[in-house]
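Q: Could we go through this structure together? I would like to begin with one particular residue and then move on to other topics.

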Amino acid sequence: MSSLSKGLGKVQVTLKWDPSALGTPATDLDLVAATYRGDAPHGAPAYLVHFGSRSPDGTITLNRDSKTGQGFGPDEVMTLELDRLADAYTRVVIGVVIQQDGDEKVFGDIPNTGVRILDGHVELAADDLSGVPDATAATIAEFTRDGSGSWRLRTVVRGFVAGPAEFSDLMGAARA
């Protein structure tokens with residue numbers, strides 16, 4: 001476990017939601033991580049981690065991926081080994097996006113949505129996405145590397161109306 005005074009080392013992001021009502025289409029939410037280089041911290045992501053992928057160096061992995069919200073505990077779990085990330089990367093943005101299968105849903109339609117960011121057993125942040133009820137995607141956190149090389153967390157809940165491909169282009173943009 002990393003010490004907060006020395007910056008973050010290895011963190012987990014968890015996501016949960018209740019399954020859809022019986023007889024209705026399943027709801028699929030996905031965690032997404034976008035990694036940015038120091039020379040373009042608000043440009044295009046150097047790479048994305050989401051369902052079916054991981055970072056090229058294995059420092060960011062999606063350990064659990066649910067397509068229905070069914071099961072016990074978190075439905076999705078992403079591990080970020082920030083202390084192992086190459087020095088070229090100075091920013092990682094985490095987001096949640098709803099997979100749309102014809103029946104467009106927004107976060108306000110999905111019961112008991114919850115996101116947690118943990119450093120070991122210490123909860124660093126939590127949100128239920130109720131602040132972005134009309135969004136189909138949202139950023140939830142930003143990890144940045146400071147001048148000493150330590151990683152810091154800033155919670156950034158910001159909603160978007162975008163599908164997965166469009167969201168990956170928007171999630172790291174600087175606020176206007």
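**Notes on the predicted model**

A: Asn112 is partly exposed, as its relative accessible area is 48%. Please bear in mind that this is a predicted model.

Q: Where does Asn112 lie?

A: Asn112 sits in the loop between E6 and E7.

Q: And what is the phi of Asn112?

A: Phi of Asn112 is near 55°, which is a positive value in a residue other than glycine.

Q: What about Leu129, where is it and what is its phi?

A: Leu129 belongs to the loop between strand E8 (122-127) and strand E9 (137-145). Phi is near 65° for Leu129, again a positive value in a residue other than glycine.

Q: Is Leu129 buried or exposed?

A: Leu129 counts as buried, because its relative accessibility is 1% and the limit for buried is under 20%.

Q: Changing topic: how many helices and strands does the protein have?

A: There are 10 strands and one helix. Read from the N terminus, the order of the elements is β-β-β-β-β-β-β-β-β-β-α.

Q: What is the radius of gyration, and what would a compact globule have?

A: The protein has a radius of gyration of 16 Å, which agrees with the value near 16 Å for a compact globule with 176 residues. The C-alpha trace spans about 55 × 35 × 30 Å along its principal axes.

Q: What share of the residues is buried?

A: Of the 176 residues in the protein, 45% are buried.

Q: Now the charges. How many salt bridges does the structure hold?

A: The structure holds six salt bridges. In general, side chains of opposite charge can pair when their charged atoms come close.

Q: Which residue forms a salt bridge with Arg154?

A: One partner of Arg154 is Glu142, with the closest N and O atoms 3.0 Å apart. Arg154 lies in strand E10 (residues 151-160) and Glu142 in strand E9, so this pair ties together parts that are 12 residues apart in sequence. Arg91 comes in as well: salt bridges that share partners join Arg91, Glu142 and Arg154 into one network.

Q: What does Arg116 meet in a salt bridge?

A: The side chain of Arg116 meets that of Glu123, at 2.6 Å from N to O. Arg116 is partly exposed, with a relative accessible area of 37%, and Glu123 also counts as partly exposed, at 42%.

Q: And Glu81, what is its partner?

A: Glu81 forms a salt bridge with Arg84, where the closest N and O atoms are 3.1 Å apart. Arg84 is partly exposed, having a relative accessible area of 46%.

Q: Which residues gather in the patch of negative charge on the surface?

A: The patch brings together Asp101, Asp103, Glu104, Asp109 and Asp134. Of these, Glu104 lies in the loop between strand E6 (89-99) and strand E7 (114-119). Glu104 counts as exposed because its relative accessibility is 56%.

Q: How far apart are Leu22 and Asp75?

A: From C-alpha to C-alpha, Leu22 and Asp75 are 18 Å apart in space, and they are 53 residues apart in sequence.

Methods. Residues numbered from 1 in each chain as written. Predicted model: local features only at pLDDT ≥ 70, side-chain atom pairs only at ≥ 80, totals over all residues. Heavy atoms only, no water. Patch = residues over 30% accessible without salt bridge, like charges linked within 9 Å, V, L, I, M, F, W, Y side chains within 5 Å. Areas by Shrake-Rupley, 256 points an atom, 1.4 Å probe, with all protein chains shown as cover. Salt bridge = Lys/Arg side-chain N within 4 Å of Asp/Glu carboxyl O. Lys, Arg positive; Asp, Glu negative; His and termini not counted. Charge placed at Lys NZ, Arg CZ, Asp CG, Glu CD. Helix = DSSP H or I, 4+ residues; strand = E, 2+ residues; numbered from the N terminus. Buried < 20%, exposed > 50% of the residue type's maximum accessible area, 1.4 Å probe, protein only. Rg over C-alpha atoms; globule rule 2.2 N^0.38 Å.
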